[in-house]
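Hello,

Here is the structure I promised to pass on to you. Have a look at it first, and then read my notes on its salt bridges below.

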Amino acid sequence: MRPGGVDIRLEEVTFTYEDMRMRFDATIEAGQITSVMGASGAGKSTFLNLVAGFETATSGRVLIGGADVTAAPPSARPISMVFQENNLFAHLTVEQNVGLGRSPALKLAEADRTDIADALGRTGLAGKERRLPRELSGGERQRVAIARVLVRDRPVLLLDEPFASLGPALREDMVDLVMSVHRERGMTVVFVTHQPEDARRIGGNLLFLEQGKVIAAGKTEEFFGKNGPEAFRNYIGTGNAEPQSQEFARKPT
């Protein structure tokens with residue numbers, strides 16, 4: 001099944017965390033991969049949580065596929081989310097953890113079990129259906145989380161630094177898996193990361209956050225070019241950027 005993606009819009013969304021007032025104004029294109037980057041404390045996870053519904057905007061609107069979901073709970077939003085800690089239940093098997101994506105009560109029909117088996121095969125977990133999370137490596141646990149995304153079959157996938165604890169080679173493999181799933185499903189993917197090489201490998205679009213605001217948005221390849229945003233170039237350590245091109249005009253604050 002190929003559900004395709006939908007666009008996401010944050011229209012003058014405000015939210016206060018501790019003493020920082022955040023204000024997000026951004027559009028994420030339907031069916032594209034968009035990386036979200038910025039220093040620690042810039043508001044990346046809050047941005048994702050506002051889209052997912054784990055945080056509620058003080059003002060402004062969150063729209064997914066044109067529908068206003070500002071006040072909707074996470075369960076009512078057309079999203080799946082993969083967290084850094086993979087969010088698996090320790091007492092459930094791999095197959096059961098994936099099955100939760102289809103039925104929270106694990107009331108699974110034969111067609112559901114077929115889809116679960118397909119998702120496990122797609123993510124390289126065939127033969128490990130009966131294992132518990134503690135019997136898996138870190139990368140395998142994240143594969144379980146991605147397999148659960150496949151059986152949920154939602155048009156939006158949010159990833160909050162899901163591979164931060166993995167080594168470079170394994171992280172590359174997982175990024176490649178996300179890219180492959182995106183090509184297969186055409187979903188809208190929003191990927192929060194601290195790793196410039198991950199964003200560059202994924203391509204697509206990039207949002208750069210600073211002090212709770214989106215200060216630059218554009219094509220990822222342009223961020224890494226000689227005319228990329230100065231704040232971004234300083235962040236990744238290249239610095240001394242040439243003046244910003246028109247594609248990277250600062251967002252209103």
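Arg171 and Glu197 form a salt bridge (a side-chain nitrogen of Lys or Arg within 4 Å of a carboxyl oxygen of Asp or Glu), and their closest N and O atoms lie 2.8 Å apart. This pair joins distant parts of the chain: Arg171 sits in helix H5 (residues 168-185) and Glu197 in helix H6 (residues 196-202), 26 residues apart. Helices here are DSSP runs of H or I with at least four residues, numbered from the N terminus. Arg171 is buried, with a relative accessible area of 8%, while Glu197 is partly exposed at 42%. With a 1.4 Å probe and protein chains only, buried means under 20% relative accessible area, exposed over 50%, and partly exposed in between.

Please keep in mind that this is a predicted model, where local features need pLDDT of at least 70, side-chain atom pairs count only at pLDDT 80 or more, and totals for chains, interfaces and linings use all residues. Residues are numbered from 1 along each chain as its sequence is written, and side-chain values use heavy atoms, leaving out hydrogens and water.

How many salt bridges does the structure hold? There are 16. Some of them link Asp7, Arg9, Glu11, Arg61 and Asp68 in a network. Within it, Arg9 pairs with Asp7, with 3.6 Å between the closest N and O atoms. Arg9 is partly exposed at 26% relative accessibility, and Asp7 is partly exposed at 22%. Arg61 also bridges to Asp68, where the closest N and O atoms are 3.9 Å apart. Asp68 is partly exposed at 44%, as is Arg61 at 36%.

Happy exploring!

Note on methods. Helices (H or I, at least four residues) and strands (E, at least two) are DSSP runs, numbered from the N terminus.
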